[in-house]
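Work through the following exercises with the sequence and the model side by side. Each task is followed by a solution that goes step by step.

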Amino acid sequence: MEHFANLPNLTSQAKQADPTQIMQVGLGFWASKTLLSAIKLDLFSFLGEKKETGPTIGKGLGIHPSHLYDWLDALASMGFLHREGTGETALYFNTLDTRTFLIKSSPQYIGGFLSMANDREYRFWADLEEGLQTGEAQNEIKYTGKESFEAIYEDKDTLKSFTDAMGSIQMGNFMAIAEKYDFSPYKKVVDIGGSGGVLASVLAMKHEHLELASFDLPALTPLVEDTIKQYGVEGRVKIHEGNFWFEKFPQADVYTMGNILHSFSMKNKRRLIRKAYEGLPEGGALIIIEMILDDNRIENSFGLLMSLNMLIESDGGFNYTFSEFDTWVKEAGFKRTEFFPLTGPVSAAIAYK
């Protein structure tokens, strides 16, 4: 029996090992698609502040009764709905989080981004293995030959959906930078790649002394105009139409970029940083708002997954650490940098000229 003495205790190891996390992550798309379907069908807006029964919800949203309660109870079990009672008389209603973030009329609505994830990214991520093996984007370019932004900009409805999504997902961070960062030394801020003009409009609301502008392609102008009216900042936010790759950045004391830099390759990241440096005066600042990774690349899981999303969605884009940002901007001539936490996995990386 001595030859068995040094074998591992398999029974003991089996008791210590736990496959729960493996199964939860491996089948995470079950939970993801259940939530995304609720957003797509606008369940949370339908409920609003009310409590409704299953049959009322099913009739209102056009849900077949066969698995209605599986769907509603799954959402309740995951914490996206509250439920009082059971069966046909049970009442379902929004949680604080879904009421705040998933009702379309809420100013903090983030469902636009999740709807885009459902309509576009959910299918593209099925090809992640191919992207990892080839290093190539797995979005519209595979099927149309057109880069994702080109394909998105061709259709007005798709462009609006994409723009709304980008604005909604960053709203909390735009509000945080507007409230927490000291803009008092500056007079003029231009948001580079300003998309729907949300950041510029939020800054206009919070800082009356600032001159603000959103700089992006002409196709976005109607959407920016709508945003300016929505926020009641007419006359406070100007629109600069242009392509930031081929034109000089408008003069400003501060340039902001929200979810811009991570979309591009190392070469193009450096190109944008250099253009920002050349356009700023002494004492000016470049503020990047993105999911900045921790230097050990282990704490910001969401940021790492977003970097994989850049593989799916872009030609060479990736997320990066603050140390990498510090290196790039100082190579361009910036004197110092600052790390500025915002909300959740998102931070601001700031470079001063």
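**Exercise 1.** Over the ring of which residue does the charged end of lysine 269 sit, and how far is it from the ring centre?

*Solution.* The model is predicted, so local features need pLDDT of at least 70 and side-chain atom pairs count only at pLDDT 80 or more, whereas totals for chains, interfaces and linings use all residues. Residues are numbered from 1 along each chain as its sequence is written, and side-chain values use heavy atoms, with hydrogens and water left out. A charge sits over a ring if NZ of Lys or CZ of Arg is within 6 Å of the ring centre and within 35 degrees of the ring normal. The charged end of lysine 269 is placed over the ring of phenylalanine 318, 3.7 Å from its centre. Arginine 336 lies over the face of tyrosine 352, at 4.0 Å from the ring centre.

**Exercise 2.** Describe how the rings of tyrosine 181 and phenylalanine 340 are paired, and where the two residues lie.

*Solution.* Rings of Phe, Tyr and Trp (its six-membered ring) pair if their centres lie within 6.5 Å, and planes under 30 degrees apart count as stacked, over 60 as edge-to-face and the rest as tilted. Across the whole structure, 13 aromatic pairs are found. In the pair of tyrosine 181 and phenylalanine 340 the centres are 5.7 Å apart and the planes stand at 80°, so the pair is edge-to-face. Tyrosine 181 belongs to the loop between helix 12 (156-180) and strand 4 (188-192), while phenylalanine 340 belongs to strand 9 (residues 336-341), 159 residues apart. Helices (H or I, at least four residues) and strands (E, at least two) are DSSP runs, numbered from the N terminus. Tyrosine 181 has 7% relative accessibility and counts as buried, a class that means under 20% relative accessible area, with exposed over 50% and partly exposed in between (1.4 Å probe, protein chains only). Phenylalanine 340, at 14%, also counts as buried. Ring pairs link Tyr181, Phe183 and Phe340 into a cluster.

**Exercise 3.** Classify the pair of phenylalanine 322 and phenylalanine 339, and state whether each residue is buried or partly exposed.

*Solution.* The ring centres of phenylalanine 322 and phenylalanine 339 are 5.5 Å apart and their planes are at 70°, so this pair is edge-to-face. Phenylalanine 322 lies in helix 17 (residues 322-332) and phenylalanine 339 in strand 9, so the pair ties together parts that are 17 residues apart in sequence. Phenylalanine 322 counts as buried at 18% relative accessibility, whereas phenylalanine 339, at 38%, counts as partly exposed.
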